[in-house]
Amino acid sequence: MSPDLARVLDRMLSAAERRRADGATGVDFAIMSLYRPDKGPSPHRDGAAVDIGVYAGKTINFMRTKDSVLAVAQFYRDMLGGEGEAKVDAKIALGLPRNPRMDPAGALAEYYDAGHPEKKNYYDITSTPGRVITEKPFTVANTRPVLKMEYQVPDAFFQRELEPDRSPAGGLAGAVAALRPEAQQAFKLLVEKDVGKVLRFMFPDGLDHLHVQVVRR
Ligand SMILES: [Zn+2]
């Protein structure tokens, strides 16, 4: 594991212990994924990223809009350190939880995402009568996945039409400007406090976790 990532995890642990000492109960944080040596190019393969499903006792999931914003903001706050505490000794990038895509191309990509077959559950599939639907991606012109009504919830962070895994233009300032109002409010103050630039950039990532990667200093 990257020593920088170890320092991020260490900071998560000390923040959790502090919350526990202040009376918090239950699970403080949950790690969904850490080192994935067998997968394609990814900071996870290099031991430089962690996926977090629960933080500060709050579930991070596109269906839990408010909790997701509170959890991610608290994570960032913990990395910046409390009163009299130093910033974490690492530079990070955040992959923020995002909503499933609703635009036709995006919905098709989600529906046929080989790495995440569970995403199919979010969609109803419509097709022209008389034609057979196959599992071949992008070849079935008459197949149209439509996001189920119950999953059409407001976005917590970015507009869902933004390209996943890609940072909005303009670096960190551009990413903050692209945030929806509530998240933007939470992040603006933290970014102002972050004079040493612990956080370098942000981008839309998975549906049900915060992705944290350490980046070059
Ligand atoms: Zn990840």
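Along the principal axes, the C-alpha atoms fill a box of roughly 70 × 40 × 35 Å.

This is a predicted model, where local features need pLDDT of at least 70, side-chain atom pairs count only at pLDDT 80 or more, and totals for chains, interfaces and linings use all residues. Residues are numbered from 1 along each chain as its sequence is written.

Next, the elements. The chain has 5 helices and 8 strands. These are DSSP runs, with helices being H or I of at least four residues and strands being E of at least two, numbered from the N terminus. Their order from the N terminus is α-β-β-β-α-β-α-β-β-α-α-β-β.

How is the chain divided into domains? Domain 1 covers 3–98 + 155–215, and domain 2 covers 104–151. The bounds come from an automatic or database domain assignment. Between the C-alpha centres of domain 1 and domain 2 the distance is 30 Å.

Now contacts and burial. Two residues are in contact if their C-beta atoms, placed from the backbone, lie within 7 Å. Taking contacts between residues at least 6 apart in sequence, 66% join residues at least 24 apart. Of the 217 residues, 32% count as buried. A residue is buried if 20 or more other C-beta atoms lie within 10 Å of its own, exposed if 12 or fewer, and partly exposed in between, again with C-beta atoms placed from the backbone.

Helix H2, residues 65–80, packs with helix H5, residues 181–193, at an angle of about 0 degrees, and their axes are 10 Å apart. H2 is therefore roughly parallel to H5. Angles under 35 degrees count as roughly parallel, over 145 as roughly antiparallel, 65 to 115 as roughly perpendicular and the rest as oblique. Axes are lines fitted to C-alpha atoms, for helices over the stretch in contact, and angles run from 0 to 180 degrees between N-to-C directions. On the H2 side, the contact is made by Val-69, Ala-73, Tyr-76, Arg-77 and Leu-80; on the H5 side, by Glu-182, Ala-183, Ala-186, Phe-187, Leu-190 and Lys-193. By class, that gives 8 nonpolar, no polar and 3 charged residues. Nonpolar here means Ala, Val, Leu, Ile, Met, Phe, Trp, Tyr, Cys and Pro; charged means Asp, Glu, Lys and Arg; the others, Gly among them, are polar.

Lys-197 is partly exposed, with 13 other C-beta atoms within 10 Å. Asp-165 also has a positive phi, near 65 degrees, and sits in the loop between strand S6 (143–147) and helix H4 (171–177). Asp-165 is exposed, with 12 other C-beta atoms within 10 Å.

Last, Leu-172, in helix H4. Is Leu-172 buried or partly exposed? Leu-172 counts as partly exposed, with 19 C-beta neighbours inside 10 Å. Leaving aside neighbours within four places in sequence, Leu-172 is in contact with Val-191, Leu-199, Arg-200, Phe-201 and Met-202.
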